[in-house]
Each structure stands twice: as structure tokens, then as C-alpha cells.
Amino acid sequence: MEQVRVALQAMDPVSHAGLAALLQFRGDLTVLRPQQRADADVLVAAAERLTTDAVAALRRAGAETGAPIVLVCQEVTEAELMTAVECRVVAILPRAAVTTERLAHSVRAAAAGGGVLPPNLVGELLKQVDRMQRDVLAPNGLNASGLTPREIDVLRLMADGFDTNEIAGKLCYSERTVKNVIYGVTHRLKLRNRSHAVAYALRAGMI
């Protein structure tokens with residue numbers, strides 16, 4: 001099994017030592033030293049509650065490592081859930097329920113691009129995503145990927161190898177319209193070029 005490199009962060013040294021004790025003897029995980037945290041595949045963070053200081057620390061750590069975060073916390077309320085997600089948290093473990101196996105499972109899930117949430121928070125997250133789709137994305141003609149149906153059509157044909165002229169013919173657009181669609185996607189989503197735009201759409205599962 002491929003090794004997962006884990007960085008640790010806690011608001012106090014006792015919690016930090018506790019996390020290290022749970023993970024350091026796992027054969028599939030490597031606990032990094034503080035100076036190695038930029039190399040982490042996953043960051044495991046512990047906090048009593050999601051206070052303002054804890055949220056700020058998570059944001060800094062997420063920006064520094066670029067890694068998904070597994071959060072061990074006494075409690076995360078439904079109101080705090082989206083704040084945690086915005087901080088790159090993909091797994092939440094109640095402190096009272098933490099075991100070596102549960103924590104290791106969450107770390108492996110995070111490294112694989114997945115997530116782990118308590119059952120009561122899964123439903124709340126789905127409701128909040130639905131509200132975002134209904135109140136923010138849909139009124140602007142977007143879906144959860146941030147793409148419009150027209151943009152998806154253009155990207156799908158680009159992925160199939162068609163050039164601008166051919167795409168315009170197939171979709172009954174002008175070449176200028178197709179170029180504007182491509183420019184709009186790359187500019188709005190800060191993508192480097194057409195290939196990057198196609199890759200983004202593939203990762204989002206839209207084409």
C-alpha cells in the first residue's frame with residue numbers, strides 16, 4: 001500500500017502528542033516532522049471547537065500545505081460545516097469517537113480524494129449544496145461545476161478533437177461565439193489554455 005504522508009496540527013501540545021501516538025506506528029502512514037509539512041498528502045488537525053482562532057489556523061495550514069484536512073473536533077455544528085469545508089476540511093471525526101483505525105481510515109480516504117462525515121452532517125451538507133445550486137448557481141445559468149450547458153457542449157467537442165471551425169458548425173454557432181465561450185471559461189475559472197479547460201471539465205465529470 002502506498003505511503004500517505006501526514007502532517008499534524010493542534011491547538012495545544014497534548015492534542016498534538018495524542019495524534020502522533022495514534023498514527024506514528026501505522027505502516028501505511030508517515031507522520032512528518034513540522035519542517036516537512038509542505039510535503040504532506042493530508043493534514044490532520046485537532047481543535048476543541050471551531051473558534052475564530054481555530055478557523056484562522058486551518059485556513060493558514062490549508063494554504064501552506066495545499067492538502068486536504070482531517071479535523072478532529074469536540075463538535076462541529078451544522079452552522080459551522082460550510083466554514084470547515086471552505087478551509088479544505090474533507091473529514092470530521094468527533095474527538096470522543098476517535099480510534100487509531102477510524103483516524104487512519106479518514107486519512108486514507110482524504111488522500112484518495114474522498115471524505116468522511118458524521119451522519120448528521122452529511123444531510124446538512126447536501127441541503128446546503130442544494131441551496132447553493134438553487135439560489136446562486138441556477139439563477140446564473142451555472143451548475144455545480146461552474147460551467148453553463150453551452151460551455152459543456154463546446155468543451156466536450158474540444159475533448160473529441162474538433163477545432164474551432166468544426167465546433168461552430170456542429171453547434172450552429174459562429175466561430176467568434178465559440179472563441180468567446182472558450183475565453184469565458186478559461187478567464188472565469190483561471191485556466192491556462194484550452195487543454196487545461198478540457199482537463200478541468202473531465203475532472204469535474206462534466207464531459
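Trainee: In which helix is His196 found?

Mentor: His196 is found in helix H9, residues 194-203. Keep in mind that this is a predicted model.

Trainee: Why is His196 called buried?

Mentor: The relative accessible area of His196 is 16%. Buried means under 20%, so His196, at 16%, counts as buried.

Trainee: What makes the pair of His196 and Arg192 a polar contact?

Mentor: The backbone nitrogen of Arg192 lies 2.9 Å from a polar atom of the side chain of His196. The cut-off for a polar contact is 3.5 Å, and 2.9 Å is within it.

Trainee: How many helices and strands does the protein have, and in what order do they run?

Mentor: The protein has nine helices and five strands. From the N terminus on, they run β-α-β-β-α-β-α-β-α-α-α-α-α-α. Of the 207 residues, 40% count as buried.

Trainee: What is the phi of Cys172, and where does Cys172 lie?

Mentor: Cys172 has a phi near 60°, a positive value in a residue other than glycine. Cys172 lies in the loop between helix H7 (164-171) and helix H8 (175-188). Such a value is worth noting because most residues other than glycine have a negative phi.

Trainee: Which value does phi take in Arg88?

Mentor: Phi of Arg88 is near 80°, again positive in a residue other than glycine. Arg88 sits in the loop between H3 and strand S5 (89-94). Its relative accessible area is 38%, which lies between 20% and 50%, so Arg88 is partly exposed. In H3 itself, Glu80, Leu81, Met82 and Ala84 are buried.

Trainee: How do you know that Asp28 and Arg26 form a salt bridge?

Mentor: Side chains of opposite charge can pair when their charged atoms come close. For Asp28 and Arg26, the distance from N to O is 3.3 Å. The cut-off is 4 Å, so the pair counts as a salt bridge. Asp28 and Arg26 are both buried.

Trainee: What else does Arg26 pair with?

Mentor: Arg26 also meets Glu101 in a salt bridge, at 2.9 Å from N to O. Glu101 lies in helix H4 (100-111) and Arg26 in the loop between helix H1 (13-23) and strand S2 (29-31), so this pair ties together parts that are 75 residues apart in sequence. Glu101 has a relative accessible area of 44%, so it is partly exposed.

Trainee: Why does the pair of Arg59 and Glu86 count as a salt bridge?

Mentor: The closest N and O atoms of Arg59 and Glu86 are 4.0 Å apart, and the rule asks for within 4 Å. The pair links helix H2 (residues 52-65) to helix H3 (residues 78-86), with Arg59 and Glu86 27 residues apart. At 40% relative accessibility Arg59 is partly exposed, whereas Glu86 is exposed at 52%. Elsewhere, salt bridges that share partners join Arg26, Asp28, Glu101 and Arg108 into one network. The total comes to twelve salt bridges.

Trainee: How many cavities of 30 Å³ or more are there?

Mentor: There is one cavity of 30 Å³ or more. The largest cavity has a volume of about 50 Å³.

Trainee: Which elements give two or more residues to its lining?

Mentor: Strand S1 (4-10), strand S3 (42-47) and H2 do. S3 gives the most, with three residues. Among the lining residues are Gln9, Met11, Leu50 and Leu71.

Trainee: How many residues of each class line the largest cavity?

Mentor: The lining has nine nonpolar residues, one polar and no charged ones.

Trainee: Last, what makes Gly66 partly exposed?

Mentor: Gly66 has 42% relative accessibility, a value between 20% and 50%, so it counts as partly exposed. Gly66 is found in the loop between H2 and strand S4 (69-73). The C-alpha atoms of Gly66 and Asp39 are separated by 9.3 Å, and the two residues are 27 residues apart along the chain.

Key:
Residues numbered from 1 in each chain as written. Predicted model: local features only at pLDDT ≥ 70, side-chain atom pairs only at ≥ 80, totals over all residues. Heavy atoms only, no water. Salt bridge = Lys/Arg side-chain N within 4 Å of Asp/Glu carboxyl O. Buried < 20%, exposed > 50% of the residue type's maximum accessible area, 1.4 Å probe, protein only. Helix = DSSP H or I, 4+ residues; strand = E, 2+ residues; numbered from the N terminus. 1 Å grid on protein atoms, 1.4 Å probe; cavity = no way out; pocket = protein on both sides within 12 Å on 5 of 7 lines; lining within 4 Å. Points joined across faces, edges and corners; volume = space filled by probe spheres on them. Nonpolar A, V, L, I, M, F, W, Y, C, P; charged D, E, K, R; others polar. Polar contact = N/O pair within 3.5 Å; in protein donor to acceptor, adjacent residues only side chain to side chain.
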